[in-house]
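Please find below a short note for a reader new to protein structures. The points may be read alongside the sequence and the model.

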Amino acid sequence: MKRGGASRKRRKKTVERKTLSSQLKKYVLTYVAPAPAAKPRKKKAKPLRKRKPRATARKIQKIHKTAAIKRRKASGRHKKVKTEYRKAGVKHKKMRVKNKRAGIKHKKVKTKYKSVAIRRKKRKTRIKTKQRRAGKPRKMRKKRERKSEILRKAKLKRLEYIKKAGIKRIEMLKRKRQKKLESMKRARIKKFKRAKEERERREKLIKLEKIRKAKHIKDLRKARKIQSARTARKAKKINALKAMKNRHAAKKRETVAAKMAAEIKNAMTAKAKKAAKKPEAQTKGKEEVSYFKTDIPGFDSLLKSGIPSASSVLIEGGPGSGKTIFCLQTAYNACRQGKKVLYMSFEEPEQRLRRHMKNFGWDTTPYEKKGTFMIKRFDALDIARSVEALLSEAKKELLIDVQPILIPAKFKPDVVLVDSLTSIASAFSGEESRFRIYMEQLFRYLEYSKITSFLIREVSNPTHIGKNFVEKYEAVSFLSDGIIILYSVAYPNGTRGSAVEVLKMRGSSINKKIVRMDITGRGLVVHPDVLIKGNIEFT
């Protein structure tokens, strides 16, 4: 009896659940659910969702509450059944003990009960399957039909709503388009009017600018005419003043030239009178000659006695042969000997030459402070102009001494170094006769004032090597007392060196040979015993 009561309770619970679900289904069938939200489309009105009425919601809440109360009551009954089963369990234990004693009878009874239970289960399953096959398809069809009807009605309602909303939206869009078109037409009309106004304004401005430009051009022409007239007047006045100044300068030069010529003639006549007064014995006797030494290591051994004082020596060579280094070294050594030295540069400035000497370790600042050494730069064109002014057109003879042109008045040197004769010759280009006269006067003045001079002459190729010797228009080698040639030697290995030769020296015997020379950090070093032999090119 107890087992049957439990099954009845379960059946009641299932019935209650079925009734609740059926009630809910009825409510769902009566209540028209809102249409599902369609996918969002561009610029289309969304359908409005209908809210559930409050009364239906309250009914659903009440149904849920009643179902929950029934479940609680059923759970209380289940607890009572549990207690009854526990009591029955004690009795069952006692029966087990009896059955254990019986043993074999208990097992047989168990097998009978099991077989009966299996048969019952099989029967139940067969009945259930028959019921399902017969009744379930009809129920499922009815459910599907109801759902399809509900969905169809919802779709129809949604389509009606969409149609109404779409018609309204289309009307709204038409109105907006009409408004836009009207606004666009107005804007175009305004733009057209503005463009016309701007064109008219620009045309007016262009006309005004043309008028202004024409006026400006007229004013400029008038101003230019006035300025040209003024400049012509000023130019006439300036040219007149320049002509006056040139006349005065020419007169002054002529007067100075005449004075200097008279002084030179007087000096020459005085010397001639003194020489006539001296006795013949003194003239016949030999004069004592002093010699100058360069103190360049190894070079003085090429000259037995040295360079005679008051002699002019030419130093020839190509580019990079060491001509300026030779002259700077001799100048520094002459200062150390206590002689006054003047270095006359026609190309390089004074600061560069001082820096060049300091690089070799020749500091000339103490000698410059004492007043025994002077570096001065001259312009060859100024000398050429002064010579042209002082040269008479008829006789073609120099009417002035060279001293006021080149050498300072207060400085009386013992040694003079000229760098270079080629720059002076370039100033006298096209006037060979005047240059020769100037060089003759220069050599006479140096000899008369007893100054030993070293004159640099740049040569592209050595002139004194070869079968035929050709002298250029300067004719300096004939006027000079000595010639020292510096060579740039090209050896067959591809290396280059330098060499020295003393070609000519009046008043002293020389060793005629080409000797090796080195340019070191302390200046030039000559090797008098090392001769240069073989197939070697001199440049």
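In which helix is arginine 123 found?

1. Arginine 123 is found in helix H3; helices here are DSSP runs of H or I with at least four residues, strands are runs of E with at least two, and both are numbered from the N terminus. The model is predicted, so local features need pLDDT of at least 70 and side-chain atom pairs pLDDT 80 or more, while totals for chains, interfaces and linings use all residues. Residues are numbered from 1 along each chain as its sequence is written, and side-chain values use heavy atoms, without hydrogens or water.

2. With a relative accessible area of 54%, arginine 123 is exposed (exposed means over 50%, buried under 20%, partly exposed in between, with a 1.4 Å probe and protein chains only). Arg123 belongs to a surface patch of positive charge, whose members include Arg119, Lys124 and Lys130. Such patches join like charges within 9 Å, or nonpolar side chains (Val, Leu, Ile, Met, Phe, Trp, Tyr) within 5 Å, among residues with over 30% relative accessible area and no salt bridge; a salt bridge is a side-chain nitrogen of Lys or Arg within 4 Å of a carboxyl oxygen of Asp or Glu.

3. Helix H3 spans residues 104-277 and also holds isoleucine 162. This isoleucine 162 counts as partly exposed because its relative accessibility is 37%. Together with Leu156 and Leu159, Ile162 forms a nonpolar surface patch of about 250 Å² accessible area.

4. The chain as a whole has twelve helices and twelve strands. Of its 539 residues, 25% count as buried.

Key. Accessible areas come from the Shrake-Rupley method with a 1.4 Å probe; for residues, only the protein chains shown count as cover. Lys and Arg count as positive and Asp and Glu as negative; His and the chain ends are not counted. The place of a charge is taken as NZ of Lys, CZ of Arg, CG of Asp or CD of Glu.
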